[in-house]
Amino acid sequence: MYLLWTNSISLRLVLGLVLFCLPACGPKVPSLVKYAPLPDEKICRIAVLPFVNETDYPLANTIAFRVFMAKLVQTGRFDLAQEGDVREVFLHMRIWPGQQLHIEQIKILGDRLRVGLIITGTVVEMAEVPIAGAVNPVIALSLRIVDPRSGETLWYTYHRREGEHYRKVMHFGVLNTVTSLANQVSQEVLDLWFKKGFKGCAD
C-alpha cells in the first residue's frame with residue numbers, strides 16, 4: 001500500500017471537487033481535510049520530505065520544496081530535520097527523491113530521523129502563462145501531514161493560486177514569478193494550518 005493512495009478514494013473525491021469548483025468558486029483559502037487529529041503532545045521535531053513533481057515545469061518540486069521549508073523555518077516553531085539528513089536516509093533506503101513512499105518506508109524514515117510528524121508535498125500544477133505582455137504564474141500544491149508511527153495521513157491540503165489573483169482580489173500587486181507565488185501559497189497554507197491547530201514547541 002502506497003502513501004499516496006492512503007484513503008485514496010476520499011482524496012480523489014476531495015481533489016476532484018476542488019478542481020471542479022475552481023472556475024466558479026475561486027476558493028480564497030486552501031482546502032483542508034482532517035482524516036485524524038494531530039497528536040495531543042507538542043511536536044517539536046518534524047521532517048519535510050522532497051516534493052514530488054507531477055508537472056512539466058523543470059524543477060517545480062525543488063522550487064516549491066525550498067520555499068515551503070524556508071517559510072517553516074521562519075516561523076521558529078519547529079526543529080526541522082535537515083535536508084541533508086533526509087536525503088542521506090533516502091540514499092541508505094534506496095529511495096529516490098520524487099518517489100512515492102509506502103507506509104513501512106514512512107515508519108522507518110520517522111524512526112531514523114527521530115521526528116513526530118512528516119510533511120509530504122506534490123506539485124500538481126506549475127506554469128508561467130503569458131498574458132497581456134506579462135507573465136501570470138500558476139501553482140497548485142497538495143500537502144499531507146503524516147503520522148510516522150502509523151504511516152497514515154492525518155491532514156490533507158490542496159491549494160491553487162494564480163499571480164493575477166492578487167492584483168484583482170487582494171490588491172497586493174501582481175506576483176509575476178513562480179517563486180514569489182510559491183512563497184505566498186506556502187504562507188497561506190501555513191496560516192490555515194496554524195489557525196486549525198498545527199502547533200510546535202514555540203506554541
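Hi everyone. Let me begin with a cut-off: a residue is called buried when its relative accessible area is under 20%. E188 has 12% relative accessibility, so E188 counts as buried. Please keep in mind that what we are looking at is a predicted model.

Now, what does E188 pair with? Its side chain meets that of R161 in a salt bridge, at 2.9 Å from N to O. E188 sits in helix α6 (residues 178-195) and R161 in strand β7, so this pair ties together parts that are 27 residues apart in sequence. R161 is buried too, because its relative accessibility is 4%.

Let's step along to R160, which takes part in two pairings I'd like to show you. One is with E125, again a salt bridge, at 2.8 Å from N to O. That pair links distant parts of the chain, R160 being in strand β7 and E125 in strand β5 (residues 117-131), 35 residues apart. The other is with E162, where the closest N and O atoms are 3.1 Å apart.

In total, the structure holds nine salt bridges, and shared partners join E41, D147 and R149 into one network.

So where is D147? You'll find D147 in the loop between β6 (134-146) and β7 (153-162). With 11% relative accessibility, D147 counts as buried. Its side chain also reaches the backbone nitrogen of R149, at 2.9 Å. Leaving aside residues up to four places away in sequence, D147 touches I106, L117, E152 and L154.

How values were computed: Residues are numbered from 1 along each chain as its sequence is written. This is a predicted model: local features need pLDDT of at least 70, side-chain atom pairs count only at pLDDT 80 or more; totals for chains, interfaces and linings use all residues. Side-chain values use heavy atoms; hydrogens and water are left out. Helices (H or I, at least four residues) and strands (E, at least two) are DSSP runs, numbered from the N terminus. Buried means under 20% relative accessible area, exposed over 50%, partly exposed in between (1.4 Å probe, protein chains only). A polar contact is a pair of N or O atoms within 3.5 Å; within protein, one must be able to donate a hydrogen and the other to accept it, and residues adjacent in sequence count only if both atoms are side-chain atoms. Contact means heavy atoms within 4.5 Å. A salt bridge is a side-chain nitrogen of Lys or Arg within 4 Å of a carboxyl oxygen of Asp or Glu.
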